[in-house]
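Dear colleague,

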Amino acid sequence: MKPNERILVALDTTDKKRAKKLITGLNGHIGGVKIGKEFFTANGPQGVRYVLSEGQPFFLDLKFHDIPNTVIGALRSAMKLKPSIVNVHASGGAAMLRAAAQTVSELGLSRPLLIAVTILTSLEDTDMADIGFSSIITDQVLRLAKLAQKCGLDGVVCSPHEIKAIRDACGSDFKLIVPGIRPGWATHGDQRRITTPRQAIDRGADYIVIGRPITDHDKPVDAAKRIVEELSVV
Ligand code: C5P
């Protein structure tokens with residue numbers, strides 16, 4: 001994979017005109033965009049069709065978490081938009097994960113990657129007991145990553161700090177999609193446990209999710225090119 005193909009740009013906006021302008025400008029410079037609940041709830045499937053040009057790769061980050069039958073239906077609707085990556089919460093359990101894997105496989109070779117969310121990185125060890133988990137976060141992340149793999153999912157979203165442990169447990173084919181990325185020259189914003197794009201790729205990330213360092217930059221295409229240059233240095 002070329003370095004630029006590993007970059008997914010997070011479009012966290014409700015403004016579809018702004019999103020379209022960003023996507024059009026970035027087309028060809030990055031691997032794809034990530035469209036999440038903020039954009040999708042405001043603009044729906046029509047909004048997704050409006051901002052993307054035909055065949056443009058995108059990650060539809062809707063993090064489904066529901067009973068198997070509902071997740072199956074939601075995934076079938078989502079797949080009509082032809083995303084290249086979709087996701088569900090691993091804590092939805094084995095039956096839901098298997099149902100999700102079976103549903104994406106209905107599309108055969110053109111199926112999207114099915115990725116699991118393990119533990120949201122906004123949670124800390126102290127939150128775990130409140131929601132009834134007895135493990136510390138890293139143990140729970142590993143447990144859910146292994147469950148997702150066993151149920152036929154292609155990979156997980158994880159923090160840069162979890163890459164190595166998940167790689168060791170799940171092997172080199174398991175896809176790791178990694179947000180919490182800040183180039184050395186960008187401000188951190190509300191992200192805490194971050195690494196640079198280069199560090200994340202060197203640790204074994206398959207894709208890195210980058211939002212504001214590109215989308216809030218005066219010249220988003222220049223920011224993307226600078227990141228690609230940093231990834232390309234041998
Ligand atoms: O602007 P920024 O680079 O912080 O955007 C990161 C994107 O990745 C946002 O869409 C955020 O919701 C998402 N994300 C994250 N941490 C996770 C999972 C998703 O920052 N663990």
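At 8% relative accessibility, cysteine 170 is buried (under 20% relative accessible area, with exposed over 50% and partly exposed in between, for a 1.4 Å probe and protein chains only), and cysteine 158 is likewise buried, at 3%. The structure holds zero disulfides, a disulfide being a pair of cysteine sulfur atoms within 2.5 Å. For cysteine 158 the nearest cysteine sulfur is that of cysteine 170, 9.7 Å away, and cysteine 158 is in no disulfide.

Please bear in mind that this is a predicted model, in which local features need pLDDT of at least 70 and side-chain atom pairs count only at pLDDT 80 or more, while totals for chains, interfaces and linings use all residues. Residues are numbered from 1 along each chain as its sequence is written, and side-chain values use heavy atoms, leaving out hydrogens and water.

Turning to the pockets, the lining of the largest pocket comprises 45 residues, and Thr121, Ser122, Pro179, Gly180 and Gln191 lie nearest its centre. A pocket here is an open set of points on a 1 Å grid over the protein atoms alone, where a 1.4 Å probe fits, with protein on both sides within 12 Å along at least five of seven lines, and lining residues have an atom within 4 Å of a point. By class, this lining of the largest pocket has 17 nonpolar (Ala, Val, Leu, Ile, Met, Phe, Trp, Tyr, Cys and Pro), 16 charged (Asp, Glu, Lys and Arg) and twelve polar residues (the others, Gly among them).

The lining of the second largest pocket divides into five nonpolar, four polar and four charged residues.

With best wishes
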